[in-house]
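Hi,

Here is the structure I promised to pass on.

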Amino acid sequence: MNIFRFAGDMTHLISILVLLLKIYATKSCSGISLKTQELYTIVFMARYLDLFTDFISVYNTVMKLVFIGSSLAIVWCMRIHPVVKRSYDKELDTFRHYFLVLGSFILALLIHERFTFQEIFWAFSIYLEAVAILPQLVLLQRSGNVDNLTGQYVFFLGAYRAFYILNWIYRYFTEQHFSRWIACVSGLVQTALYADFFYYYFLSWKSNAKLQLPA
């Protein structure tokens, strides 16, 4: 644990809280990609297979349970909640996300650190997380206007990954045998996907205007 990882965990948690606030306060999921939320659910469930076999700390266990539980709750609301599901932008959320799942799993089988069940699924979760935001970004570009809570959700989600890059850099220089290069490369790819969004987010913040993305 270091300050960068803690900051990353907290911004990730804030992004989830912002999304839950949007859904439960407004009873709407407009502007939110169900496909991205489903991908994150797969990411967490694949990554935390060790939840009941390896105990690291209370903090670690609680965070794993929070991420799995919140992602399932969000998907449930968007798919089943009688009011929330009506606001889902199905016509705009058409990204073929199953290709991302298949591609990430094949890549995990080919490129991994150790050929074990948990390591394969860990690599799969890392690769899938790197591209899981794509359906969300595509939906926002198609819709053009981005409401305040949705914009904050995506911003904090991107900030979380940026902090984790700093965490890996810190660990590389302070740990003797740090070798999570798969996470480092995937994290850089994931952060790069947010670059366009961050640019327009900064412009809207600077001019105190509503966030708009080019179609």
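**What I found**

With four residues, α8 gives the most to the lining of the second largest cavity. Helices here are DSSP runs of H or I with at least four residues, numbered from the N terminus. A cavity is a set of points on a 1 Å grid over the protein atoms alone where a 1.4 Å probe fits but cannot get out, and lining residues have an atom within 4 Å of a point.

Before the rest, a word on the source: this is a predicted model, where local features need pLDDT of at least 70, side-chain atom pairs count only at pLDDT 80 or more, and totals for chains, interfaces and linings use all residues. Residues are numbered from 1 along each chain as its sequence is written, and side-chain values use heavy atoms, with hydrogens and water left out.

Back to that second cavity. It holds about 40 Å³, a volume being the space filled by probe spheres set on the grid points, which are joined across faces, edges and corners. α5, α7 and α8 each supply at least two of its lining residues. Among those lining residues are Ile126, Glu129, Arg161, Trp168 and Gln190. By class the lining has four nonpolar, three polar and two charged residues (Ala, Val, Leu, Ile, Met, Phe, Trp, Tyr, Cys and Pro count as nonpolar, Asp, Glu, Lys and Arg as charged, and the others, Gly among them, as polar).

The largest cavity has about 80 Å³ of space. Its lining takes four residues, the largest share, from α1, and the residues divide into seven nonpolar, five polar and no charged. His12, Gln37, Ser70 and Tyr153 are among them.

α5 (residues 117–131) is worth a look too: its 15 residues reach 22 Å from first C-alpha to last, close to the 21 Å expected at 1.5 Å a residue (1.5 Å times one less than the number of residues). Of those 15 residues, 12 are buried, where buried means under 20% relative accessible area, exposed over 50% and partly exposed in between, with a 1.4 Å probe and protein chains only. The buried ones pack against α2, α4, α6, α7 and α8, with contact meaning heavy atoms within 4.5 Å.

Asp9 sits in α1 and is buried, at 5% relative accessible area. Leaving aside residues up to four places away in sequence, Asp9 touches Met1, Tyr59, Met63, Phe67 and Tyr164. Lys27, in the loop between α1 and α2, has a positive phi of about 55 degrees although it is not a glycine.

Cheers

How values were computed: On a 1 Å grid over the protein atoms alone, a cavity is a set of points where a 1.4 Å probe fits but cannot get out, and a pocket is an open set with protein on both sides within 12 Å along at least five of seven lines; lining residues have an atom within 4 Å of a point.
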